Amino acid sequence: MSSESKKQERDYTPEVDLLLPQATASAKAGFLDDAVEQLLSLEKQTRNASDLKSTTRLAETLLTLAHEARRYTVLKTNLTLLSKKHGQLKGVVQAMVELTITWLEEIREKEGVETWLEFVHALREVTEGKIFLETPRARVTLLLAHYHESLSNSPSQTLPTPADCLQTASDLLSDLQVETYSSMERREKTEFLLEQMRLLVGVAKNKDADAKRAKESREVGQEGAGAGLVDGEAEWVKVRVGGRKVNEAFLKEEANEDLKLKFYDLMIQFALHQTAYLDVAKHYYKIWETPSIKTDESGKGRQALEYIVYYVVLAPHDNEQSDMLHHLFVDPALAKLELHYNLVKCFTTRELMRWPGIEGIYGPTLRTTTVFGKEGEKRWEDLHTRVIEHNIRVISHYYSRIRVARLQTLLDLSTQQTEETLSRLVVSGSIWARIDRPAGVVSFREKRSAEDVMNEWSLDMSKLLGLVEKSWMGMNAALAAQARG
């Protein structure tokens, strides 16, 4: 039990000053156990007297002597023992934990992973449930999570599977609610959140891949293959929640550019999983706005701008997508990329785009990219769909009624594909249309009621009378000027 409220009863500094050199000499002479016994005896007195400074010095000296003698069992035992002493002071426990953490890397190099793991688990045990040690516990847990992640990258027959190791690493970090830690600096807190998200993305992708393979196995007739496997949707939800915990305004600071790029890279992976193309374009735009990226016009800056173009044209049409597309079209930076500028121009101009022409002009370039390449076959099909939808919006602007056969010719689609695309756009609210199947006619103008016609007629008459009145006043002014002359 730790206590800080008790007032210091006595100052043991003289006694400690006298004992420390003696204990150090004994330890260096090979009598570490005697030195430890002497230090523990005085530590009990200083602790009961609530002498924080003296108790801290004794505890740190004891651990340091054990470390220098490479008696790691004694070091670990006394770390745990002192932290559990009755009435132990919080400052003493904190000092011991922070001192031991500084030795972890050295212990791993000299004594191996097994001893290092013992100390990591001992530190997690000491810090468990103590709010004043939440930051050191988080740092130790991060080290342990990275260790399990490294096991997933070097699979072995004697170890758990890579997926299990990665899952363990993710679970360790996900248990930490670092966003509530008041003692942790904002940058370190953000780094922890991004590590949580990164590991969750890795676990989610593994589960999605396993679920996909299991589905393919069932389709080819392998009974029981992949039974009980679930995809990584739960992890993707946690990624979305983690993204909301990150302060994007903090990422805008110049010193945090590395965190900003890492964050938006993770959010792009999440948006791609959700097939949210507009969100992907927004995230790439945030990356492109980063000074170090934007100035690299021939490298990362150019690549980010190209990805913005790809995903904004892939996004379904709505007010937000249209606004972003038109803002991108007038950006001077896009004019330097002739092919991409022309592609955006096609989508911002009210003219029909024939898919064979688009495929012939832009296909050779787009199909070599990671977006529309071998793994982007679905996105290539989505681009075809966006071209069709654009053409329908153009046709609905210029035609009030059109025959289905003529519409099929303009869209290069079958009757069924034309009706399906029209129906999807009508449901989404992009256009208004009705199909008269017996007559083979599509109407793009909503039938108006008598009241609507009268209202429009009344508005037109008001405009006409206003023009007549304005003309009459002008003529009267001219006649009056002529009479005076």
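## Contacts and model basis

Take the contacts in the protein (heavy atoms within 4.5 Å) between residues at least 6 apart in sequence: 63% of them join residues at least 24 apart.

A quick note on what you're looking at: this is a predicted model, where local features need pLDDT of at least 70, side-chain atom pairs count only at pLDDT 80 or more, and totals for chains, interfaces and linings use all residues. Residues are numbered from 1 along each chain as its sequence is written, and side-chain values use heavy atoms, with hydrogens and water left out.

## Overall build

The protein has 23 helices and 3 strands (DSSP runs numbered from the N terminus: H or I of at least four residues for helices, E of at least two for strands). Its radius of gyration is 36 Å, well over the 23 Å from the globule rule for 485 residues, so the protein is more spread out than a compact globule. That radius is taken over C-alpha atoms, and the rule is 2.2 Å times the number of residues to the power 0.38. Along the principal axes, the C-alpha atoms fill a box of roughly 120 × 85 × 45 Å.

Of the 485 residues, 42% count as buried, meaning under 20% relative accessible area with a 1.4 Å probe, protein chains only.

Thr 190 sits in helix α9, which covers residues 186-219. Is Thr 190 buried or exposed? Thr 190 is buried, at a relative accessible area of 7%. Setting aside neighbours within four places in sequence, Thr 190 is in contact with Val 246, Phe 250, Leu 251 and Leu 259.

Methods:
Buried < 20%, exposed > 50% of the residue type's maximum accessible area, 1.4 Å probe, protein only.
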